[in-house]
Amino acid sequence: MKAVYFLQMIVVAGLFCSCKQSVEKAESFPFCHSLTFDKLPEVWDEAVPLGNGLTGALIWQKEGRLRIAIDRADLWDLRPVEQFASPDYTYKFVCDQVIEKKDITPVYKLIDERTRYDSAPTKIPAGAIELNTASLGKVTNVKLDLASAVCTIEWERGTKARIFVPANEKGGRFQFENLSDTLPVRLVTPLYEENGEVLDYQPGVNKLTSLGYKLGKVEEITPTSLLYRQQGWGDISYEIAVDWEMMPGKKMEGKYCVTSTGTWYSENEGALDCISRCMNDDFENSLAGHEEWWKGYWKKSGIHIPDTLLEKQWYLEMYKFAAASRKGAPPICLQAVWTADNGQ
């Protein structure tokens, strides 16, 4: 999937920098290998990736709104698949067909063609938070700081946002500085049912609607708090809660939590309880703990080599590794914690 490779594509596109040769400590190299842009990505698979092994986020711009696409590593549709029980569904069958009989057609039929009418098993997206930032003017700078795993966005009218997925929490945080008023926030559900939206891929192929889910509802708990509940296949379900408020000094701070039920990694509490019990620190205190975790991570290893492009690629891959894996979280899958945000 494209999501796995978007950081590599960013590098290949030429958006890289060189660290000064005088730098002696490898742990300081992530600072100069950070990614910077002059605008927000406008497609999901070029988005800025954040994660903590269990929760992932993609930061991009959709139809003029700032979008935080939310993912959780244990959200899968694992309904039984008839072909998986077939005696032919083996590695030996593949080898016999391809190597001995030199005929790959039965393999395509058993594996690839099946997915045209049956998407399971499949990773499913959680949802997204969208903020209407039209009043802030044009984006002038976007930065993913590898050292701290924080995405910073600046607008021409002086507003600055910082977004991160805390290393030790089950959700995410966002803060806007220099605002005259609260930004409109909405919680967007995946396209589990048709809503007339035009999608950015070939129609009719592996659509989320094929899973047959009834779309969950978004509830307004308070004027600045939303909750979304979604039932998946079988006993799998999940919740997303988002809460935000204006703070002194023209600041707006928000946080969200995504929880699941029915998986090996599920909690015993819902998303609202998760926010109130596990995310009760303010933004700055949460950020301090998050930065401390990443500081300790980067101290474990580092490289400095003459080829600055390869050096940068190493730091990007190590960033992705830490963002996509953690003790107590599922193993990294193909898309890791950045599931496609395109209705598939």
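# Close-up views of a predicted protein chain

**Figure 1. The nine-stranded open sheet.** Nine strands form an open sheet in the order E1-E8-E9-E10-E11-E16-E15-E14-E13, and their pairing is antiparallel. Strand E1 (35–37) and strand E13 (218–222) are the edge strands, each of which pairs on one side only. From one strand to the next, the twist averages 15°; axes are lines fitted to C-alpha atoms, for helices over the stretch in contact, and angles run from 0 to 180 degrees between N-to-C directions. Two strands count as paired if DSSP finds at least two bridges between them. Strands of a sheet pair through backbone hydrogen bonds, either parallel or antiparallel. The model is predicted: local features need pLDDT of at least 70, side-chain atom pairs count only at pLDDT 80 or more, and totals for chains, interfaces and linings use all residues. Residues are numbered from 1 along each chain as its sequence is written, and side-chain values use heavy atoms, with hydrogens and water left out.

**Figure 2. The whole chain.** The protein chain contains seven helices and 16 strands, where helices (H or I, at least four residues) and strands (E, at least two) are DSSP runs, numbered from the N terminus. Of the 344 residues in the protein chain, 48% are buried; buried means under 20% relative accessible area, exposed over 50%, and partly exposed in between (1.4 Å probe, protein chains only). The accessible surface comes to about 17,200 Å², and 53% of this surface belongs to carbon and sulfur atoms. Such areas come from the Shrake-Rupley method with a 1.4 Å probe, and for residues only the protein chains shown count as cover. Among contacts with a separation of 6 or more, 62% are between residues 24 or more positions apart, a contact being heavy atoms within 4.5 Å.

Figure 3. A hairpin of two residues joins E13 to E14. E13 and strand E14 (residues 225–231) pair in the antiparallel sense over four bridges. Within this pairing, Val-218 stands opposite Tyr-228 in E14, and Glu-219 stands opposite Leu-227 in E14. The side chain of Glu-219 also meets that of Arg-229 in a salt bridge (2.5 Å, N to O). Because Glu-219 lies in strand E13 and Arg-229 in strand E14, this pair ties together parts that are 10 residues apart in sequence. Glu-219 is partly exposed at 36% relative accessibility, and Arg-229 is partly exposed with a relative accessible area of 41%.

**Figure 4. Salt bridges around Arg-67.** The whole structure has 18 salt bridges, each defined as a side-chain nitrogen of Lys or Arg within 4 Å of a carboxyl oxygen of Asp or Glu. Glu-63, Arg-65, Arg-67, Glu-130, Arg-186 and Asp-341 are linked in a network of such bridges. In the salt bridge between Glu-130 and Arg-67, the closest N and O atoms are 2.6 Å apart. Glu-130 belongs to strand E7 (residues 127–131) and Arg-67 to strand E4 (residues 65–72), so the pair ties together parts that are 63 residues apart in sequence. Glu-130 is buried, with a relative accessible area of 2%, and Arg-67 is buried at 6%. Arg-67 also forms a salt bridge with Asp-341 (2.7 Å, N to O). This second pair links distant parts of the chain, with Arg-67 in strand E4 and Asp-341 in the segment after helix H7 (308–324), 274 residues apart. Both Arg-67 and Asp-341 are buried.

Figure 5. Gln-97 is placed in helix H3 (residues 91–100) and is buried, at 8% relative accessibility. Not counting residues up to four places away in sequence, Gln-97 touches Lys-102, Asp-103, Pro-106 and Val-107. Phe-31 is found in helix H2 (residues 29–32) and is exposed, with a relative accessible area of 53%. Leaving aside neighbours within four places in sequence, Phe-31 is in contact with Asp-145 and Ala-147. Phe-31 and Ser-148 are 117 residues apart in sequence, and their C-alpha atoms are 8.5 Å apart in space.

**Figure 6. Confidence of the model.** The mean pLDDT of the protein chain is 88, and 88% of its residues reach 70 or more; pLDDT is the predictor's confidence in each residue, from 0 to 100. Over residues 1–18 pLDDT stays under 50, and the model has 41 contacts beyond four places in sequence for this stretch. Residues 20–24 also have pLDDT below 50, with three contacts in the model beyond near neighbours in sequence.
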